[in-house]
Amino acid sequence: MLSVSVRRSGKAAAGGLILLLALALPAPAARAGTVTMQACARSQALSPDWSASSVPAFGGSLNELDTCTTGGRFQIAYSRASASSQGQNGQWNTVLPANMSLSFVNIPAQAALINPETQNAGGQGYASGYQVRYLSGSGAIVPTAAGACCGGLDYASPVSQAIGGRYFIVQVSCNIFLCETAGGVAPPNQIVDIGNLTLSATDNSPPAISVPQQAGSGTNLGAAPHFVRGAFGLTFTASNGNASGVCGMSATIDGTTLPTVVSTTPDTTRWVQCPADGTWSQTVNTASYPDGPLSVTMNASDAASPTNVAQAGQSVVVDNQPVTLALAGPSDVPASPANPTASVTATAGAGPSGANIFCSVDGGSDLQYAGESAHVAVSGLGPHRYACYAQNNALDAAGVAARSATQAFNVSIRQPTAEAISFARIADALRCRTVTVRVRVPGRLRTVTRHHKSVQVRGRAHVIRRRERRCHARTVRRRVVVIVRRHGRPARVHKVIRVVVAPHSVLRSRLTVRHGGATTVSGYLGLPSGAPLGGRGVQVLAAPDDGSGRFAPIATVTSSADGAWTARIPPGPSRLLEAVYGGDATDEPAISTPVRLTVPAKIRLLSVTPRVPWGGTVRIAGRLYGGHLPGGGALVRLRYGYGRRARATFGVVQHVTGDGRFTTVFTFGPGLPGVHVRFWFSASLLPHPDYPYAAASSPRRYMIVGGARL
């Protein structure tokens, strides 16, 4: 409501009129609130939204007397009249903001004073010199005298009714030719004094909320993208200068009000009772909220009652989850030369905003793969390097999305290779011999002159002897069936012919060599298509044939242009041999099937007592050579006998360890004193799975048994 107070402070001239004027505006919306402005009261100064018109020509004046002591009020008084005052007026007026309109006026009883006189003080008979009226957009309101008060002023009748418009005017006009006091000069006297005036205005315009977009993408949470992360500044502005102003501003997140609140107490002495514009700002850290949907609401209210509230909303999704990325796939891909491709699977981990994957292959530009899983293909023989990272869709205040650490992955695409190893020998080799042959050598050419011409003649020939290597292939006789014609008909006849057998290689996976002997092993390196791989390094690995599987390199060779290679195998125990090709940038590694090299053991009887009588004891010492003795010892069987076939086992099995030396004894039984027998002794190695030598026997050692025991 608008409260306007006017009080009388002195005697007024006759015939005054007070006019309250309201200009009509369109009807407000049904949701409108009511705004109250305290225009004047005895407890405060006159509202600054009221202003006086120009000094009236009829000699009156607009005054605001004793404002600081008696409070605010509207007062109009006259000083002296001019030569012609008729039609002149003086007024106080107020203009409402564009989006507000007057709705009600109220002047309580005994709140307004008017001059009731109808003629001037000189009694010259001028009727109604000053006219007093109240006007509004809905019609005129003419106050009447409602009883004497004081100082020659009467109380005006009270006013309480609806009005409209955006303008309100308090007016006094002169209706006679000359408005003056007796003698023409008088001190200023009041014509009207209003001490309490109440106006109500309708406000149906809530504040307008604006969310500014600051520099950068998504810096303002109120205008942020759909997915957000980290700390944001939430800022919005509100404006309501064409109505009652912006009195309150607040923001809520998921229904909870944020600490920052902008609140202004309405100034009821003005139409725009709160600031015309306001700004609300606070930093919001999305890490304080759970990941997922988040509702941001911005509110602004005005001074109306009930309050007009404006709201602006923003729905975002919080995603503060870290982004991860893992690369998986084979690091070595065998591929055919016709289709050398490989694929690595990239898997990202992210929150509700999801993620995209970016990969660079071999230092190229990043390619984006939508979604949290991608199969990144690469082609071409040789090594390739992946560098990938994942990035989610949640932006921070700087407009930057979260991303994972860059993951590197190496993959090599190589064509398969074939490696073979074997013990090779030449079967049916050529039979060669060296012979001496006589060769006739022509004489040398020389130049002679005949018939005055130079001609070349050859000297006398001579015979020389040379050594030549002559070879011929092996031939064998074969019985074959041939078809012949007999008596005009074909007949099958058996016939023996001689066939040439060409030399050829025989590949074997097993070979036995003597103890301490060396040998060679051959192999081939090439592609499955049959193309050889020349100039490649091949390692030959060997492991003792004792079940340990401890392979170690023993030779390194280079393949020839046709892919073949040969390596020398030094002396050693029985071994498993395999060839290994380590591969290169375009060729896969290859390992051959193992071959077995068998070496018999070497066992010797070092000493045997040369002669004992019957019933005597023979002491025997022997040794097992070659090392590689198992921890539990090797098994040696001892035998004795005489003649070619008579033999027997001692019945003693010796566990040989250490350096391979062993000793034992054997006692003969009684015999004929005069008979001497020549016996032999031998030792044999029994097969043992942990000993890398094949079973073998020692040479026999002989001794004499005979005579009586001494």
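Cys359 is buried, at a relative accessible area of 2%; buried here means under 20% relative accessible area, exposed means over 50%, and partly exposed lies in between (1.4 Å probe, protein chains only). The structure is a predicted model, in which local features need pLDDT of at least 70, side-chain atom pairs count only at pLDDT 80 or more, and totals for chains, interfaces and linings use all residues. Residues are numbered from 1 along each chain as its sequence is written, and side-chain values use heavy atoms, with hydrogens and water left out.

**Disulfides**

A disulfide is a pair of cysteine sulfur atoms within 2.5 Å. By this rule the model has 2 disulfides. The table lists them.

| Pair | Sulfur distance | Torsion about the S-S bond |
|---|---|---|
| Cys247 and Cys274 | 1.9 Å | about 95° |
| Cys359 and Cys388 | 2.0 Å | 120° |

The link of Cys359 and Cys388 is right-handed. Cys359 lies in strand β30 (residues 355–361) and Cys388 in strand β33 (residues 382–395), so this pair ties together parts that are 29 residues apart in sequence. Strands (E, at least two residues) are DSSP runs, numbered from the N terminus. Cys388 is buried, at 0% relative accessibility.

The disulfide of Cys247 and Cys274 is right-handed because of its torsion of about 95°. Cys247 sits in the loop between β20 (231–239) and β21 (248–253), while Cys274 sits in the loop between β23 (262–263) and β24 (277–285), so the bond joins parts that are 27 residues apart in sequence. Cys247 is buried at 7% relative accessibility, and Cys274 is buried at 5%. Another cysteine, Cys149, is partly exposed at 30% relative accessibility.

**The loop between β23 and β24**

Thr269 also belongs to the loop between β23 and β24. Thr269 has a relative accessible area of 16% and counts as buried. Its side chain makes a polar contact of 2.6 Å with the side chain of Asp267. A polar contact is a pair of N or O atoms within 3.5 Å; within protein, one must be able to donate a hydrogen and the other to accept it, and residues adjacent in sequence count only if both atoms are side-chain atoms.

**A sheet with β20 and β24**

An open sheet is formed by 3 strands in the order β18-β20-β24, with antiparallel pairing. Two strands pair if DSSP finds at least two bridges between them. β18 (208–210) and β24 are at the edges, each with a single partner strand, so one side of each has no neighbour in the sheet. Between β18 and β20 the antiparallel pairing runs over 3 bridges. Ala208 stands opposite Ser239 in β20.

Notes:
Helix = DSSP H or I, 4+ residues; strand = E, 2+ residues; numbered from the N terminus.
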